[in-house]
Amino acid sequence: MQAMNPGKLLVYFNTSPAVKLLQARNAPYTIAFLHQQFKRSGAIAVPHSELLAALANWLEDVQALHEDAPRDRPETYLADWCSAEKRWLLRRFDAGHNEPVYELSPHTEEVFAFLDRTLEQDLGFVATESRLHLVIQILDDVVIGASGDPAVHLDHLRDEQERVLQQIAQIEREGLVSRYHPARIRERFATAVSLLKQLQGDFRAVEERFREITRQVQQRQVHSHETRGGILGDALDAEDALKQEDQGVSFFEFLRFIHSPAQQERLRIIIQQLVRIRELADQADGIEAVRRMVPSLLAEAEKVTHTTRRLSSTLRRLLDARARRERQRVAELLREIQGLAAGLAHDPPRDRVALEVDAAIETSSPFTRTFWSEPARFESVNLTEHLADDDQRLEAFRQLARLHRIDWRMLRRQVRDAVTFTGRATLGELLDKYPPQSGLTDVLGYLQIASDDGHLISREAVEEIVVPPGADDRRPLLVTVPLVTFVPKEL
């Protein structure tokens, strides 16, 4: 824990945007609006037009209820919140929008986290027991994980195994389980929701650190007189240092965890079970936060990785010196030609002047290139509300059982027998000799065999075939297929 001396606190209180937000005259209204638009809605970035319209409507509502509500224009507040002095919102240009978008800054996330903890205490709900259990569990995990002694890990695993076996034996013997008290269920659920909110706020700090490195690289590239190799080396060192810092290591481990299909499925199952707990029926906000947990965390992680891709793009531009060298070479050649022409201007050559053209050079206009377009994205579908339907599942299995199996060996044997005696046979002649057992399925099988084994399939002529009724059909079918002629393989 850092020491809190007056000098350090004075600097923090005078420079921190989070403190300025809490001390602002319209702080309750500003915080309430930003929380509603970003945290309650689960939005990460909001376009300018949407946020401006939402702020105008919101100001109209609060002005009707509160005399001291803000009275200025919505555009003024958005510009003020994004100013260099406030930095409560981040205004950026995103490739997916044709207008600026707004995001919460890490300082505003700090304010939300502080108020969440403070309001919980003011309302008389403090999850002391759950947090104590969590602290003990974490400390115990640190002690075990920090040890390099195999005996320590084995003793811990044996203790866990013995505890689990004792619980299993007790349940089997008594047939009873120790269920949590309703208050304990709500307390632990509140602790999990609080940690989830803090986790979502931590992404802002990680993303800002990546952006800081990107800005440093870009500024050095533009203003510095250092060599490209020097700038590139420092950028790579900074990126490696970030990945090796505690913050970077934790974030990339989180990425591996949240992108694991097994972990995502596990979280979805847990969420489905939470919705069915009676004691949490009145925890609507918490349930909604947990319900959005997986897509929200994936979206937050994707946004941070987008920032890392910007850093990588900056590094790639530093590495891509080929185009720059080619431009310099063309400029040098043009200057050389101009110098030679100027030297011969007063005494042009009397002999024949020749011009060599390299026909292998291909020229193309830059206007022929297509514009960049955002790649297609798959829409995520939340299946947490899905409930299994036993009747539909049984019907699906029945339909699967009714599917006909194609006996490829038998069909090929019948084709071989038919062409052995007659030399060749059309599909209609083959079906007359060997009536299909599975109706239209056998016809499709013969067509597949004709295509795979190289038999004759006409692109112009067709043949009408009468397929006798199968097990699921009540009357014969008349189908029109390409004229297929089966021939011996040697032909």
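Two strands count as paired if DSSP finds at least two bridges between them. Strands, along with helices, are DSSP runs numbered from the N terminus: a strand (E) has at least two residues and a helix (H or I) at least four. Keep both ideas handy for this tour.

The model is predicted, so local features need pLDDT of at least 70 and side-chain atom pairs count only at pLDDT 80 or more, while totals for chains, interfaces and linings use all residues. Residues are numbered from 1 along each chain as its sequence is written, and side-chain values use heavy atoms, leaving out hydrogens and water.

**Stop 1: the whole chain**

Show everything as a cartoon. The chain has 19 helices and six strands. Of its 491 residues, 28% count as buried; buried means under 20% relative accessible area, exposed means over 50%, and partly exposed lies in between, using a 1.4 Å probe and protein chains only. Contact here means heavy atoms within 4.5 Å. Among contacts between residues at least 6 apart in sequence, 65% join residues at least 24 apart.

**Stop 2: the sheet**

Select S4, S5 and S6. These three strands form an open sheet in the order S4-S6-S5, with antiparallel pairing. Strand S4 (425-426) and S5 are at the edges with a single partner strand each, so one side of each has no neighbour in the sheet. Now look between S5 and S6: eight bridges join these antiparallel strands.

**Stop 3: helix H19**

Next, select residues 440-452, which make up helix H19. Its 13 residues reach 19 Å from the first C-alpha to the last, close to the 18 Å expected at 1.5 Å a residue. (The expected span is 1.5 Å times one less than the number of residues.)

Which residues of H19 are buried? Colour Asp442, Val443, Gly445, Tyr446, Ile449 and Ala450 to see them. They cover an arc of only 160° around the axis, which puts them on the same side of H19; the arc is taken from the directions from the helix axis to the C-beta atoms.

What covers the buried residues of H19? The cover includes helix H17 (408-422), helix H18 (427-433), strand S5 (456-467) and strand S6 (477-486). Just after H19, click on Gly454, which takes a positive phi of about 80°.

**Stop 4: Pro436**

Step back to the loop between H18 and H19, where you will find Pro436. With 14% relative accessibility, Pro436 counts as buried. Leaving aside residues up to four places away in sequence, Pro436 touches Leu431, Asp442, Val467 and Pro468. Try the distance tool too: the C-alpha atoms of Pro436 and Leu411 are separated by 9.6 Å, and these residues are 25 residues apart along the chain.

**Stop 5: the largest nonpolar core**

A nonpolar core is a set of buried Ala, Val, Leu, Ile, Met, Phe, Trp, Tyr and Cys residues joined through side-chain atoms within 4.5 Å. The largest one has 26 residues, and Trp81 and Leu89 have the most contacts inside it. Among the elements that each supply at least two residues of this core are helix H3 (27-40), helix H4 (48-65) and helix H5 (74-81). H4 gives the most, with seven residues.

Select Trp81 and its surroundings. Not counting residues up to four places away in sequence, Trp81 touches Thr30, Phe33, Leu34, Leu55, Lys86, Arg87, Trp88 and Leu89. A second, separate core of 20 residues includes Val290, Val294, Leu297 and Ala301.

Arg87 sits in the loop between H5 and strand S2 (89-93). Arg87 has a positive phi of about 55° although it is not a glycine.

**Stop 6: the aromatic rings**

Rings of Phe, Tyr and Trp (its six-membered ring) pair if their centres lie within 6.5 Å; planes under 30 degrees apart are stacked, over 60 edge-to-face, and the rest tilted. By this rule there are five aromatic pairs. Tyr29 and Trp58 make an edge-to-face pair, 6.5 Å centre to centre with 70° between the planes. This pair links Tyr29 in helix H3 to Trp58 in helix H4, 29 residues apart. Phe33 and Trp81 make a tilted pair, at 6.0 Å and 40°.

To finish, show Tyr29, Phe33, Trp58, Tyr77 and Trp81 together: ring pairs link them into a cluster.
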